[in-house]
Protein chains: 2
Amino acid sequence: MVEFIDGGVTTPEGFKATGVHSGVKYRSLDLGLLTSEVPASAFAGFTSNKIKAAPVQVMMQENSPTLSAVVVNSGNANALTGRRGIEDALTMKQTVANELNLDPVQVGVMSTGLIGRFMDMHKIKYGINRAVKDLSVGRKADNLIAEAIMTTDTIKKECAARVRLSDGTMVYIGAISKGSGMISPHMKVLHGTTLSLVTTDAKLSPKFAKVWQEILDDSMNMVSVDGDQSTNDTCLLLANGMAKGACADDDPLFREALQAVMNKIARTIAKDGEGATKLIEVQVNNAKTKEDARRVVKEVIDSPLVKSAIFGSDPNYGRIMMALGNSGADFNLEEVRLVIKGGEMEVPILEAGAPIFQEERSVEAVRMAMDNKEVAIILDLAVGNESAIGWGCDLTYDYVRINAEYST
Amino acid sequence: MVEFIDGGVTTPEGFKATGVHSGVKYRSLDLGLLTSEVPASAFAGFTSNKIKAAPVQVMMQENSPTLSAVVVNSGNANALTGRRGIEDALTMKQTVANELNLDPVQVGVMSTGLIGRFMDMHKIKYGINRAVKDLSVGRKADNLIAEAIMTTDTIKKECAARVRLSDGTMVYIGAISKGSGMISPHMKVLHGTTLSLVTTDAKLSPKFAKVWQEILDDSMNMVSVDGDQSTNDTCLLLANGMAKGACADDDPLFREALQAVMNKIARTIAKDGEGATKLIEVQVNNAKTKEDARRVVKEVIDSPLVKSAIFGSDPNYGRIMMALGNSGADFNLEEVRLVIKGGEMEVPILEAGAPIFQEERSVEAVRMAMDNKEVAIILDLAVGNESAIGWGCDLTYDYVRINAEYST
């Protein structure tokens, strides 16, 4: 039984964290540090954008199986910064290693913020110096690091859960994430600008990497705010084994708990999409292949026309079908079923390839369903038995405003 | 020498046209009719969306090599309308055929407007009755049909040109098009919701279809307003040979003229994208393959982050590189060159994988270049010698407003 609890990244045993103001940003916290008392098994997922930020390049090259610390800054993505960027990322690692008496290979690094500007290393070093002195456990520490990694985020993405494993061990999972725009991760384990830090005191072996990829594919990789995949996406799971139980690699209870935590984080990211007023959940059922199901989810959730219709509660469901047709997936139009859900309303729309109703009064039901903070689009493709779920948000005036003035 | 002239679809010899108000729309013209005195060789490009509107299905199935008339309505797309939709499209053809004494297979049909509502055939038939009596030539007729096919368009898309062919014959080309949203055509000849009607009095044989596909691939298929491909896109070329010259299939002068007309129409569609304040031209040079060059153009032009940055003249060029990295195309980051052009400004941005400048003063130059009605993004991938050009527009508050209230 997975139990969600009030907690964050320092909830699992042995993890400390903090967030400080280094000066990269004008006022807010902009540098976070996370440490584990003992080296933690590290599982990473990185952006599959061909242009990768310097910290991503460095982490992928070192591919360290364990990490004892992770330093994260916001305000500057250290992306498109050439060789100097790589040196700066290495210096961030080295500075933390020096302060904490670690091998630099034991230090992870992540950045998020503006692309194409060099880092101000003077400020970053100052920040790291402050952060190491400030490391702590508890809800205050959790909040500091969660705040330090935020950019255009309006709500903190944090989640914690505990679960009693098959061998009786109680393990804890804590997760934070940032991400509001340039979000459409397709993270590949070892080879997603959502930055996520997930901690657990469960024990995991390197072969858990495959499960981690599957969990990411069903959670973080099914979120899309704008279809634009960042140069910096990174999702890092640290498992330090300090709960002292058996290896949890194959424990379905652990997997269920981690999937539940990651799904909750994924939904929160979609809900806090730049300028979003509504969370859109797209569920595709009875697709021929899993790949097809995911493609339809992505095509619907990325469509600016669907997104703006939902913003305006405009019952223009034809756009959902337009997106289905563009996905390339197989479906049987004569039997496709489309349902729109919101609040108490659940409105079936299609029958035999044509809308069920034509009258203005019944179209009104669609409008009422759409006029909710959470709107679900459910498509039954009627050609197989694979399904997928993904999350996105509406396209609003504020999305345009935020992104027309980001760097200013 | 291609010469652009003031003209429209009735400028080439033997074509007549009109536009009337049938009542499908509340007030504006909503039904257009085009005829050719003699059967014209017909070359069509249709949407590759798997969900095709009824008129598209009918046209694709009949695949008539010649057409004598085309009826077009706006206000209702006759898409997602099942069997009744097919019957309605056939009835539109039959009604025109009866009035004009034609075989119905000689009548083309196109629809655009709201998806998922049945046609009011009473109004459509009334409209056709009025239109056949009103057929005419000249600028007034050109304007009537151009207006009748518009939906959210704010400017009429019309273009005409003449060219003296190699054999001395002077031929005329006239084109009209509609399209403002749900625009990202990938039209396949015989197998793009832009509706376009192109007329010419040149003589063409069926084998010109291949050239027509190539011309569409470099023009209409390189326009993207929102990355959403319609269920109704159709681009129809009618060549009635009434200029009396030799077959123009292989005449480079004819091809050049037709390409010039289609490029001009394509740019006008991008410029009039829903809510657009700026035309964005993306040019990709030295790609490894033509396919790669086109993919990069599409990825940049479809990125909501790039589009909203240009709306705000926000010099956030990192987003262009983010889109390049997501395209899947090959490039050599160390040698990639990025130039942003607008008005008199031409600003080189990248060198050796990093921005050339870092200071606020020079970033200001990028802002100034972006602060123009037409902004060009030029990317040199440095890995081959293939190139492509495409057109799009900025993402604005008005795009959101238009699409949040379309069906209301």
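Residues are numbered from 1 along each chain as its sequence is written, and chains are lettered from A, with ligands numbered from 1, in the order in which they are written. Because the model is predicted, local features need pLDDT of at least 70 and side-chain atom pairs count only at pLDDT 80 or more, while totals for chains, interfaces and linings use all residues, and side-chain values use heavy atoms, with hydrogens and water left out.

The size of an interface is often given as the accessible area lost when the parts come together. Here, the area buried between chain B and chain A is about 5,000 Å², with 57% of it given by carbon and sulfur atoms; buried area is the accessible area (1.4 Å probe) that two parts lose on being put together, summed over both. On the side of chain B, the residues that lose the most area to chain A are Lys50(B), Leu80(B) and Tyr397(B), which together account for 13% of what that side buries. The contact takes 62 residues from chain B and 62 residues from chain A, where contact means heavy atoms within 4.5 Å.

Leu80(B) counts as buried because its relative accessibility is 5%; buried means under 20% relative accessible area, exposed over 50%, and partly exposed in between (1.4 Å probe, protein chains only). Another non-glycine residue with positive phi is Asn286(B), where the angle is near 55 degrees. Asn286(B) has its place in strand E11 (residues 279–287) of chain B, and with a relative accessible area of 27% it is partly exposed.

In chain A, Leu80(A) takes part in a contact across the two chains. Leaving aside its neighbours within four places in sequence, Gly318(B) is in contact with Leu80(A) and Ile115(A). Gly318(B) lies in helix H9 (residues 318–326) of chain B, and it counts as buried because its relative accessibility is 1%. The C-alpha atoms of Gly318(B) and Ser230(B), 88 residues apart along the chain, are separated by 30 Å.

In chain A, helix H9 (residues 318–326) pairs with helix H8 (residues 304–311), their axes coming within 9 Å and crossing at roughly 160 degrees. Axes are lines fitted to C-alpha atoms, for helices over the stretch in contact, and angles run from 0 to 180 degrees between N-to-C directions. The angle makes H8(A) roughly antiparallel to H9(A), given that angles under 35 degrees count as roughly parallel, over 145 as roughly antiparallel, 65 to 115 as roughly perpendicular and the rest as oblique. The crossing of H8(A) and H9(A) is left-handed; a crossing is left-handed if the near helix is turned anticlockwise from the far one by less than a right angle, and right-handed if clockwise. H8(A) contributes Leu305(A), Val306(A), Ser308(A) and Ala309(A) to the contact, and H9(A) contributes Arg319(A), Ile320(A) and Met322(A).

A further helix pair in chain A is formed by H5 (residues 209–218) and H6 (residues 252–271), whose axes come within 9 Å and cross at roughly 35 degrees. The crossing of H5(A) and H6(A) is right-handed. Among the residues that meet there are Trp212(A) and Ile215(A) from H5(A), and Leu258(A) and Met262(A) from H6(A). In chain B, the axes of H5 (residues 209–218) and H6 (residues 252–271) likewise come within 9 Å and cross at roughly 35 degrees, and H5(B) passes H6(B) in a right-handed crossing.

Two further buried positions complete the tour. Ser224(A) is found in the loop between H5 and strand E10 (234–239) of chain A and counts as buried at 0% relative accessibility. Val375(B), in strand E16 (residues 374–380) of chain B, counts as buried at 2% relative accessibility. Leaving aside neighbours within four places in sequence, Val375(B) has contacts including Leu279(B), Ile280(B), Ile310(B), Ile340(B) and Met370(B).

Notes. Helix = DSSP H or I, 4+ residues; strand = E, 2+ residues; numbered from the N terminus.
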